[in-house]
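Take a look at the model below. This report walks through its cavity, its metal sites and its cores.

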Amino acid sequence: MKELWFQLVQTFALSAVRYFLLAGIPFLLFYKFFSTTFAKQKIQKRLAAKADFVREILYSMLSSVVFALIGVAILFTPVVNYTQIYQDINAYPLWWIPLSVGLSLVLHDTYFYWMHRLLHHKALFKYAHLVHHKSTNPSPWASYSFHFLEAVVEGGILAVVAFVLPMHPLAVILFILSSFVINVYGHLGYELMPKGFRHSVWFEVLNTSVHHNLHHSKFKGNYGLYFRVWDRLLGTEHPDYVKEYDKVQTARFGTSTEEARADAPAQFQTRPQQ
Ligand SMILES: [Zn+2]
Ligand SMILES: [Zn+2]
């Protein structure tokens, strides 16, 4: 029991350190030290209030406690014997490590899309998801700013991944880290994608910071996490998304989308729209 408490405190501490480093450094760079340099990349021109940052940090700490509890319950109790987690790195080929991380992200995107749509149901929104939507102009601090109930279902992905995919603990760590980094990018408030991205095939598939920012400012549409796939398939992508992305693109690069298309590497170009 004493060991479990130790694991819990250690997991929470690691989670908190990760949060303050991976959300804190981008916050300092984009919001404090170089805000003028990055001004053209800012998605919403207004600034979030200090009170927003404080609320986001406090809720993120609460979420970190919930995530630590879920992580310890799955990985450091006999529950682990019923999961697909394997300790011997040679039990599967080494290439399975990056592939399992990629697959866990695909699984997470699907899990998140449906969970997120459920949280937007009027019977649940006010109780479980409103806390996250208080950040109408999100910053990196909002990445884990969830109500307790939302944190429980958000953390549930760890159970899904552990029971469905054979994962080495290293792959679990890589999954959690990459997921958090992408989450910080989604809440950054600044668009980072390079100029040629707009007319590459990646634009058709991947989410951007503008995509998730629009979800925060408009409340409806854009429910996906990493990919646009579910939103496009089910017609839930916000109709203004591409227009909003182009607005930021033009502000950043000062070119029309036609010129940007010409700049995209040929192999990534999509057919021009008629
Ligand atoms: Zn939402
Ligand atoms: Zn969000």
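## The cavity

Helix 4 gives the largest share of the lining of the largest cavity, 3 residues. Helix 4, helix 5, helix 6 and helix 7 each supply at least two lining residues. Helices here are DSSP runs (H or I, at least four residues), numbered from the N terminus. The lining includes Phe 112, Met 115, His 116, His 129, His 132, Glu 150 and His 212.

The volume of the largest cavity is about 80 Å³. A search of the whole structure finds 1 cavity of 30 Å³ or more. A cavity is a set of points, on a 1 Å grid over the protein atoms alone, where a 1.4 Å probe fits but cannot get out; lining residues have an atom within 4 Å of a point. Points are joined across faces, edges and corners, and the volume is the space filled by probe spheres set on them.

## How to read the model

This is a predicted model: local features need pLDDT of at least 70, side-chain atom pairs count only at pLDDT 80 or more, and totals for chains, interfaces and linings use all residues. Residues are numbered from 1 along each chain as its sequence is written, chains are lettered from A and ligands numbered from 1 in the order in which they are written, and side-chain values use heavy atoms, with hydrogens and water left out.

## Zinc ion, ligand 1

Which residues hold the protein donors of the zinc ion (ligand 1)? They are His 116, His 120, His 129, His 133 and His 215, each through NE2, lying 2.1 Å from the ion. Donors are N, O and S atoms within 2.8 Å of the metal (3.2 Å for Na, K and Ca); water is not among the atoms, so sites may look incomplete. Along the chain the spacing is H-x3-H-x8-H-x3-H-x81-H. His 116 in helix 4 and His 215 in helix 9 link distant parts of the chain, 99 residues apart.

His 116 is buried at 1% relative accessibility, and His 215 is buried at 0%. Buried means under 20% relative accessible area, exposed over 50%, partly exposed in between (1.4 Å probe, protein chains only). Leu 118, also in helix 4, counts as exposed at 54%.

His 132 lies in helix 5 and His 212 in helix 9, so the pair ties together parts that are 80 residues apart in sequence. His 132 is buried at 4%, and His 212 is buried at 9%.

## The nonpolar cores

The largest nonpolar core has 44 residues, and Tyr 19 and Met 167 have the most contacts inside it. Such a core is a set of buried Ala, Val, Leu, Ile, Met, Phe, Trp, Tyr and Cys residues joined through side-chain atoms within 4.5 Å. Helix 4 gives the largest share, 7 residues. A second, separate core of 10 residues includes Ile 43, Leu 214, Tyr 241 and Val 248.

Notes
On a 1 Å grid over the protein atoms alone, a cavity is a set of points where a 1.4 Å probe fits but cannot get out, and a pocket is an open set with protein on both sides within 12 Å along at least five of seven lines; lining residues have an atom within 4 Å of a point.
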